[in-house]
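Let us read one model feature by feature. Take pockets, rings and strands in turn.

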Amino acid sequence: MLSCKNLSVSYGDRHALDSFNLSLKQGEICTLIGPNGSGKSTALQAIAGLIRPETGQVKISQNVVSTLTRRQISRLLSFLPQHPKAPEEMTVGQLVRMGRFTHVGLFRRYQPRDEEAIVWALESTGLLPLAHRRLREISGGEQQRAWIAAALAQEAKVLLLDEPTSFLDIGYQVEVFDLIHKLSRERQITIVISIHDLNQAMSIADRVVLLSQGSLCFNGVPAELAQTELLKTIFRVKGRFVPLPGDTSPHFAVELAHRRK
């Protein structure tokens with residue numbers, strides 16, 4: 001479904017991403033983790049075709065992203081950046097309709113198929129009852145779901161999310177991650193998400209990718225990462241993985257008083 005081979009990106013003399021490789025099946029969730037400046041956002045932008053890599057290529061269902069137009073790319077993948085902006089007076093429904101623009105274009109009217117996709121996106125995110133509410137009238141978690149719904153209206157099979165839960169309360173974070181899990185399992189959407197919270201990343205992911213200073217340090221299942229010392233080394237903390245009753249995901253407990261210098 002999605003493959004990245006030897007992606008490298010530089011900004012001047014700084015290597016932001018070096019020989020990045022990733023292969024995901026349809027419906028898998030991949031979380032990108034790493035310290036600030038590790039290359040997570042750069043990797044997402046390179047996958048989305050927003051940055052042209054110096055080396056390597058991205059394929060989605062055998063389509064080479066670098067050979068496609070922006071409109072063709074938007075039919076294959078949806079990208080939600082860290083801080084999307086829209087007028088607060090815009091309604092939820094209007095925002096989601098914008099996500100359908102790649103299929104409609106400038107001069108074509110919305111057809112029944114477009115309206116069906118919009119309703120599906122609203123229903124999938126639980127926002128159909130809020131379609132007529134203004135963005136300023138809904139909660140932070142509902143706003144984030146509205147942006148995800150706009151991305152879903154594109155009907156792309158790959159969804160890229162750059163820190164979608166930043167600045168959200170824990171309740172809204174859980175709400176967003178429940179939605180992400182539902183989309184992958186019920187709709188078979190392949191999802192790549194950058195995230196700071198290590199335990200959330202481990203609990204939701206089928207595959208975890210750990211980056212440090214642009215280099216790929218780990219690419220595998222969460223249980224395998226828990227068998228290494230990489231989190232302690234790269235994040236420069238002391239900690240340990242602990243089991244939680246009824247949960248098979250590894251959870252990393254940090255000893256905050258013993259942060260390494």
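Predicted model: local features only at pLDDT ≥ 70, side-chain atom pairs only at ≥ 80, totals over all residues.

Q: How much space lies in the largest pocket?
A: Rolling a probe the size of a water molecule over the atoms shows where empty space is left. On a 1 Å grid over the protein atoms alone, a pocket is an open set of points where a 1.4 Å probe fits, with protein on both sides within 12 Å along at least five of seven lines. A volume is the space filled by probe spheres set on the points. Here the largest pocket holds about 380 Å³.

Q: Which residues line the largest pocket?
A: Lining residues have an atom within 4 Å of a point. There are 18, and Ser74, Ser78, Phe79, Gly99 and Gln154 lie nearest the centre. Two or more lining residues come from each of α2 (70–76), β6 (77–80), α3 (92–98) and α6 (140–152). Helices (H or I, at least four residues) and strands (E, at least two) are DSSP runs, numbered from the N terminus.

Q: How many aromatic pairs are there?
A: Rings of Phe, Tyr and Trp (its six-membered ring) pair if their centres lie within 6.5 Å; planes under 30 degrees apart count as stacked, over 60 as edge-to-face and the rest as tilted. The count is 1 aromatic pair. The centres of the Phe241 and Phe252 rings are 5.0 Å apart and their planes stand at 55°, so the pair is tilted. Phe241 is in strand β11 (residues 239–244) and Phe252 in strand β12 (residues 247–254), 11 residues apart.

Q: Is Phe252 buried or exposed?
A: Buried means under 20% relative accessible area, exposed over 50%, partly exposed in between (1.4 Å probe, protein chains only). Phe252 is buried, at 7%. Phe241 is partly exposed, at 22%.

Q: Which strand pairs with β9?
A: Two strands pair if DSSP finds at least two bridges between them. Strand β9 (residues 207–212) runs antiparallel to strand β10 (residues 215–220), with 5 bridges. Leu210 stands opposite Phe218 in β10. The hairpin of β9 and β10 has 2 residues between the strands, and Gln213 takes a positive phi near 50°.

Terms used. Residues numbered from 1 in each chain as written. Heavy atoms only, no water.
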